[in-house]
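Subject: Structure handover and notes

Hello,

Please find the structure below, followed by my notes on it. I have grouped them by topic.

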Amino acid sequence: MIGRWFEGAIWSSRLVVLLAVVSSLVSAIALFYMSTVDAWILVTHVLNYGSPELTAVDRVELRAETVTHVVEMVDGYLLATVLLIFGMGLYELFICKIGQAEESGTSSKVLVINSLDDLKARLAKVVLMILIVRYFEFALGMDFNTPLDLLYFAFGIAFLGAALWLSHLADMKH
(Lines give C-alpha, C1' and ligand atoms only; values in the text may rest on other atoms or scores of the structure.)
Protein backbone atom coordinates (compact mmCIF):
# COMPACT_ATOMS: atom_id res chain seq x y z
CA MET A 1 0.00 0.00 0.00
CA ILE A 2 2.65 2.53 1.02
CA GLY A 3 4.94 1.35 -1.77
CA ARG A 4 2.20 1.93 -4.37
CA TRP A 5 1.44 5.38 -2.95
CA PHE A 6 5.16 6.25 -2.90
CA GLU A 7 5.61 5.15 -6.52
CA GLY A 8 2.61 7.26 -7.49
CA ALA A 9 4.09 10.26 -5.72
CA ILE A 10 7.45 9.76 -7.44
CA TRP A 11 5.76 9.41 -10.84
CA SER A 12 3.64 12.52 -10.24
CA SER A 13 6.70 14.53 -9.22
CA ARG A 14 7.69 14.67 -12.89
CA LEU A 15 4.94 17.27 -13.28
CA VAL A 16 7.24 19.83 -11.63
CA VAL A 17 8.85 19.97 -15.08
CA LEU A 18 5.76 21.93 -16.16
CA LEU A 19 7.27 24.93 -14.36
CA ALA A 20 10.30 24.80 -16.65
CA VAL A 21 8.10 24.19 -19.72
CA VAL A 22 5.82 27.15 -19.03
CA SER A 23 8.74 29.40 -18.06
CA SER A 24 10.61 28.47 -21.24
CA LEU A 25 7.60 29.08 -23.45
CA VAL A 26 6.78 32.42 -21.81
CA SER A 27 10.43 33.49 -22.09
CA ALA A 28 10.49 32.42 -25.75
CA ILE A 29 7.38 34.48 -26.47
CA ALA A 30 8.95 37.46 -24.68
CA LEU A 31 12.14 37.13 -26.76
CA PHE A 32 10.16 36.77 -30.00
CA TYR A 33 8.27 39.92 -29.04
CA MET A 34 11.46 41.84 -28.19
CA SER A 35 13.18 40.79 -31.41
CA THR A 36 10.13 41.72 -33.46
CA VAL A 37 9.99 45.16 -31.83
CA ASP A 38 13.72 45.51 -32.57
CA ALA A 39 13.00 44.60 -36.21
CA TRP A 40 10.27 47.21 -36.43
CA ILE A 41 12.48 49.90 -34.91
CA LEU A 42 15.27 48.86 -37.27
CA VAL A 43 13.01 49.29 -40.29
CA THR A 44 11.88 52.73 -39.14
CA HIS A 45 15.51 53.84 -38.71
CA VAL A 46 16.59 52.41 -42.06
CA LEU A 47 13.91 54.46 -43.83
CA ASN A 48 16.16 57.47 -43.15
CA TYR A 49 19.00 55.86 -45.12
CA GLY A 50 17.90 57.44 -48.41
CA SER A 51 17.48 60.91 -46.93
CA PRO A 52 19.42 63.59 -48.83
CA GLU A 53 20.13 65.27 -45.48
CA LEU A 54 22.32 62.32 -44.44
CA THR A 55 26.04 62.87 -44.96
CA ALA A 56 28.26 60.10 -46.26
CA VAL A 57 29.75 59.63 -42.78
CA ASP A 58 26.29 59.41 -41.21
CA ARG A 59 25.21 56.92 -43.87
CA VAL A 60 28.23 54.67 -43.14
CA GLU A 61 27.50 54.89 -39.41
CA LEU A 62 23.81 54.06 -39.99
CA ARG A 63 24.82 51.06 -42.12
CA ALA A 64 27.17 49.78 -39.39
CA GLU A 65 24.51 50.25 -36.71
CA THR A 66 21.94 48.51 -38.92
CA VAL A 67 24.13 45.46 -39.47
CA THR A 68 24.81 45.28 -35.73
CA HIS A 69 21.10 45.51 -34.94
CA VAL A 70 20.26 42.82 -37.50
CA VAL A 71 22.79 40.49 -35.87
CA GLU A 72 21.34 41.23 -32.42
CA MET A 73 17.84 40.62 -33.74
CA VAL A 74 18.84 37.26 -35.27
CA ASP A 75 20.52 36.38 -31.98
CA GLY A 76 17.29 37.14 -30.11
CA TYR A 77 15.23 34.96 -32.46
CA LEU A 78 17.72 32.10 -32.17
CA LEU A 79 17.68 32.29 -28.37
CA ALA A 80 13.88 32.32 -28.42
CA THR A 81 14.02 29.23 -30.62
CA VAL A 82 16.31 27.50 -28.10
CA LEU A 83 13.80 28.20 -25.34
CA LEU A 84 10.94 26.96 -27.49
CA ILE A 85 12.71 23.71 -28.41
CA PHE A 86 13.81 23.26 -24.80
CA GLY A 87 10.29 23.73 -23.41
CA MET A 88 8.70 21.45 -25.99
CA GLY A 89 11.44 18.85 -25.52
CA LEU A 90 11.02 18.78 -21.75
CA TYR A 91 7.28 18.41 -22.18
CA GLU A 92 7.69 15.49 -24.59
CA LEU A 93 10.28 13.76 -22.41
CA PHE A 94 8.61 14.13 -19.01
CA ILE A 95 4.90 14.73 -19.53
CA CYS A 96 3.66 13.24 -22.81
CA LYS A 97 4.24 13.23 -26.56
CA ILE A 98 2.84 16.13 -28.56
CA GLY A 99 0.64 14.27 -31.01
CA GLN A 100 0.10 17.27 -33.29
CA ALA A 101 3.85 17.67 -33.81
CA GLU A 102 4.28 14.02 -34.78
CA GLU A 103 1.25 13.97 -37.10
CA SER A 104 1.83 17.32 -38.76
CA GLY A 105 3.28 17.32 -42.25
CA THR A 106 4.64 20.81 -41.71
CA SER A 107 6.30 19.98 -38.43
CA SER A 108 10.04 19.82 -38.59
CA LYS A 109 11.86 16.86 -37.06
CA VAL A 110 13.47 19.45 -34.78
CA LEU A 111 10.23 19.66 -32.83
CA VAL A 112 9.88 15.90 -32.29
CA ILE A 113 11.99 14.85 -29.31
CA ASN A 114 12.38 11.14 -28.55
CA SER A 115 15.16 11.14 -25.97
CA LEU A 116 17.33 13.37 -23.86
CA ASP A 117 20.08 12.93 -26.46
CA ASP A 118 17.69 14.23 -29.15
CA LEU A 119 16.97 17.30 -27.04
CA LYS A 120 20.67 17.91 -26.40
CA ALA A 121 21.52 17.52 -30.09
CA ARG A 122 18.79 19.93 -31.19
CA LEU A 123 19.77 22.50 -28.59
CA ALA A 124 23.47 22.14 -29.43
CA LYS A 125 22.80 23.01 -33.07
CA VAL A 126 20.89 26.15 -32.19
CA VAL A 127 23.45 27.16 -29.55
CA LEU A 128 26.19 26.71 -32.18
CA MET A 129 24.28 29.05 -34.47
CA ILE A 130 23.97 31.58 -31.64
CA LEU A 131 27.74 31.38 -31.08
CA ILE A 132 28.36 31.97 -34.78
CA VAL A 133 26.06 34.99 -34.78
CA ARG A 134 27.74 36.31 -31.61
CA TYR A 135 31.16 35.86 -33.19
CA PHE A 136 29.97 37.77 -36.25
CA GLU A 137 28.62 40.51 -33.97
CA PHE A 138 31.97 40.64 -32.16
CA ALA A 139 33.82 40.75 -35.48
CA LEU A 140 31.83 43.79 -36.62
CA GLY A 141 33.27 45.87 -33.80
CA MET A 142 36.74 44.37 -33.87
CA ASP A 143 39.78 46.54 -34.60
CA PHE A 144 42.64 44.80 -36.35
CA ASN A 145 45.69 46.65 -35.01
CA THR A 146 48.29 43.97 -35.59
CA PRO A 147 48.66 41.01 -37.94
CA LEU A 148 48.26 38.79 -34.86
CA ASP A 149 44.73 40.19 -34.36
CA LEU A 150 43.86 39.16 -37.89
CA LEU A 151 45.39 35.73 -37.31
CA TYR A 152 43.30 35.24 -34.15
CA PHE A 153 40.22 36.27 -36.09
CA ALA A 154 41.05 33.75 -38.82
CA PHE A 155 41.55 31.00 -36.21
CA GLY A 156 38.14 31.81 -34.78
CA ILE A 157 36.54 31.47 -38.21
CA ALA A 158 38.40 28.19 -38.77
CA PHE A 159 37.17 26.82 -35.42
CA LEU A 160 33.58 27.82 -36.23
CA GLY A 161 33.89 26.12 -39.61
CA ALA A 162 35.26 22.99 -37.96
CA ALA A 163 32.41 22.99 -35.44
CA LEU A 164 29.86 23.24 -38.26
CA TRP A 165 31.59 20.47 -40.18
CA LEU A 166 31.68 18.21 -37.12
CA SER A 167 28.00 18.83 -36.39
CA HIS A 168 27.22 17.97 -40.01
CA LEU A 169 29.19 14.73 -39.66
CA ALA A 170 27.23 13.87 -36.55
CA ASP A 171 23.97 14.40 -38.48
CA MET A 172 25.11 12.07 -41.26
CA LYS A 173 25.71 9.25 -38.74
CA HIS A 174 22.05 9.32 -37.71
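Arg134 and Asp75 form a salt bridge, with their closest N and O atoms 2.9 Å apart. Please keep in mind throughout that this is a predicted model. Arg134 belongs to helix 5 and Asp75 to helix 3, so the pair ties together parts that are 59 residues apart in sequence.

Next, the core. The largest nonpolar core has 13 residues, and within it Leu119 and Val126 touch the most other members. Helix 2 (17-46), helix 3 (56-94) and helix 5 (116-140) each supply at least two residues of this core. Leaving aside residues up to four places away in sequence, Leu119 touches Ile85, Phe86, Gly89, Leu90, Leu93 and Ile113.

Phe86, one of those contacts of Leu119, lies in helix 3. With the same exclusion of residues up to four places away, Phe86 touches Ser24, Leu119 and Leu123. Phe86 and Leu25 are 61 residues apart in sequence, with their C-alpha atoms 8.6 Å apart.

Ser24 brings in helix 2. At 6% relative accessibility, Ser24 is buried. Ser24 touches Leu83, Phe86 and Gly87, again not counting residues up to four places away in sequence.

What does helix 2 as a whole look like in terms of its span and its buried residues? At 1.5 Å a residue, its 30 residues should span 44 Å, and the end C-alpha atoms are 43 Å apart, which agrees. The buried residues of helix 2 are Val17, Val21, Ser24, Ala28, Leu31, Ser35, Ala39 and Leu42. As a general point, an α-helix has 3.6 residues a turn, so residues three or four places apart point the same way. The buried residues of helix 2 pack against helix 3.

On the surface, Leu148, Leu151, Tyr152, Phe155 and Phe159 form a nonpolar patch, with about 550 Å² of accessible area together. Of these, Phe155 lies in helix 6 (residues 147-173). Phe155 is partly exposed, at 42% relative accessible area.

Two further pairs bring together positions separated in sequence.

- Trp11 and Phe94 are 83 residues apart in sequence and 9.9 Å apart in space, C-alpha to C-alpha. Trp11 is in helix 1 (residues 2-12) and is exposed, with a relative accessible area of 56%.
- Ala64 and Gly141 are 77 residues apart in sequence, and their C-alpha atoms are 9.2 Å apart. Ala64 is in helix 3 and is partly exposed, at 45% relative accessible area.

Regards

Technical notes: Residues numbered from 1 in each chain as written. Predicted model: local features only at pLDDT ≥ 70, side-chain atom pairs only at ≥ 80, totals over all residues. Heavy atoms only, no water. Core = buried A, V, L, I, M, F, W, Y, C linked by side-chain atoms within 4.5 Å. Buried < 20%, exposed > 50% of the residue type's maximum accessible area, 1.4 Å probe, protein only. Helix = DSSP H or I, 4+ residues; strand = E, 2+ residues; numbered from the N terminus. Contact = heavy atoms within 4.5 Å. Patch = residues over 30% accessible without salt bridge, like charges linked within 9 Å, V, L, I, M, F, W, Y side chains within 5 Å. Areas by Shrake-Rupley, 256 points an atom, 1.4 Å probe, with all protein chains shown as cover. Salt bridge = Lys/Arg side-chain N within 4 Å of Asp/Glu carboxyl O. Expected span 1.5 Å × (residues − 1).
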